[in-house]
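Here's a quick briefing on how two parts of this protein meet. Have the structure open while you read.

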Amino acid sequence: MTNNGQQDQNFLLPEGSSRDIGRTAQRMNILAAKLVGETVRTTLGPQGMDKMIVDALGDVTITNDGATILREMNIEHPTAKMIVEIAITQEEEVGDGTTTAVVIAGELLKQAEDLLEQNIHPTTVIKGYRLAAKVSQKILENMSEKITAKDKHILNNLAMTAMTGKVAEDAKEHLGKIVVDAISHLEDSSNLKNIKIEKKVGSSVHKTELIEGIVIDKEKIHPSMPSKIENAKIILLNGALEIPTTETESKISITDPSQLQEYLDMEESMLKKQVNKLVASGANVVFCQKGVDDLIQYLLAKEGIYAVRRVKKSDLEKLASSTGGTIINNINDVTKEHLGKSGLVEEVKVGDEMMTFVRECKNARAVTILVRATTDHVADEVKRAIDDALGNVSSALANMSIVGGAGACEVELARNLRKFAETLNGKERLAVLSYAQAMEVIPRTLAENAGLDPVDVISDLNAAHQNGKKWAGLDVFSGKVLNSLKEGIVEPLKVKTQALSSASEVAVLILRIDDVIVAGADTSMKGNPHEDLD
Ligand code: ADP
Ligand code: MG
């Protein structure tokens, strides 16, 4: 792996260091990036397979989600890690398209390697790639189709496309509707935090439901409280229902038994006062962020009030958005105006746990998707698919633009890039052509994963696009060409622009490196990064 120049250079470094320079460095980095791409490639598309990852503790994750696979793999190679980063960014920015981003990054580098082999200088490749990346954003934008928030049918399709090829696929129509419904409740469709996802095993995915309100993973605090309250008037308290404790330590000295009784009576009357205040407000349900004194629990039960304690702050906030209530700090401040409203609050046994459902909130601005599945592994994967679908619908609503999937968008992009390349001269043109070629990795992989001949597929798709069929994509079941838009295989424009810009950025970043120095033994870096790859 060393050459003379490198040996001279190593002279500068302490023992135990390693160094790769020039083409060796590039080759190693490209190899690492390609390997990451190869790892997730087989999961792409409707016919993609799942991966099973077992962590150090023996916990198993079964998933089709690119970001989850790469995160769970704990990859250590520094270059490979950069590729993992783009999957994570994609997940955070859009939700869906993580595998696409990683596969494209790997392919861009693979194509770049061929150019380097032909003695084209990395600077030229970088220049060409940067240009192509910029032009691609424009091309994608120009080809995209506009939608409106009223196109429920298209929104459903966006959600369903995100779930195709995952465990959730069987129920994708049902889940797709839930996803679109859930988002329609939000005041701001990009604020997905107001959609709570609760998982409970013990039933089929088809039983997954949308609750126009919030589901809290907690039971009522006293067995004799009612299990069902209709026309609920709800107090949201972020304090405790207890005897107030003083900030500083205090001591009470009691000298005779009557004083003790007096003290206890005083405590009791303080607690009773809190309950009276609460009852006077007209409330029949209380969600309390902190503890509730035993006596208060008993008194509330006697008044027929439903109460839950130790509710998470985030849940309390969602309850406020759902019920229209105001969170109060102190029960003594409560008035009728603070109360939230819901058609029904009930305690329900789900699986083998009791949960509190706050249902039928009019104008609920926060809602819950209760994911049901037969096992934990399925529930986790269904939740990830729902996350992708929520991300897709939300990003489509953010800029109201969609593109056709099933490889259509990538083939159309490649075709336009090739046209653009014709306007360029020399080696830069070759780099843009390679970039265009790299786009075809998506339809090619969709074909490979479906057991189809990728060469035939690409040539059929190209022929269709030449004939002006902009949304011609691959029917992975028959191998024929389909109209992706008509078939409802659609994705938000953002999934593609984001995947492409981060894949291009990381490819350029990696191509710019011509020297990898792994410092000697006394640093925290683990070994030679290339060793993991052999
Ligand atoms: P990612 O993590 O990139 O979203 P997926 O495994 O979800 O990876 O696959 C997404 C790809 O599958 C997209 O290119 C999308 O257009 C394609 N796809 C989704 N549904 C279909 C379908 N019914 N037929 C063909 N391709 C599809
Ligand atoms: Mg996807």
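The protein splits into domain 1 (15–144 + 403–532), domain 2 (148–212 + 365–399) and domain 3 (216–363), with bounds that come from an automatic or database domain assignment. This is a predicted model, where local features need pLDDT of at least 70, side-chain atom pairs count only at pLDDT 80 or more, and totals for chains, interfaces and linings use all residues. Residues are numbered from 1 along each chain as its sequence is written, and side-chain values use heavy atoms, with hydrogens and water left out.

**Contact and area**
- The centres of domain 2 and domain 3, taken over C-alpha atoms, sit 32 Å apart.
- Domain 2 puts 14 residues into the contact and domain 3 puts in 16 (contact means heavy atoms within 4.5 Å).
- Together, domain 2 and domain 3 bury about 1200 Å², with 52% of it on carbon and sulfur atoms (buried area is the accessible area, 1.4 Å probe, that two parts lose on being put together, summed over both).

**Charged pairs**
- Four salt bridges cross the interface of domain 2 and domain 3 (a side-chain nitrogen of Lys or Arg within 4 Å of a carboxyl oxygen of Asp or Glu).
- Lys-200 and Asp-217 join their side chains in a salt bridge, at 3.8 Å from N to O.

**The domain 2 side**
- Strands E5 (195–201), E6 (209–211) and E14 (367–373) each give two or more residues to the side that touches domain 3 (strands are DSSP runs of at least two residues, numbered from the N terminus).
- E5 gives the most to that side, with four residues.

Key:
Chains lettered and ligands numbered in written order.
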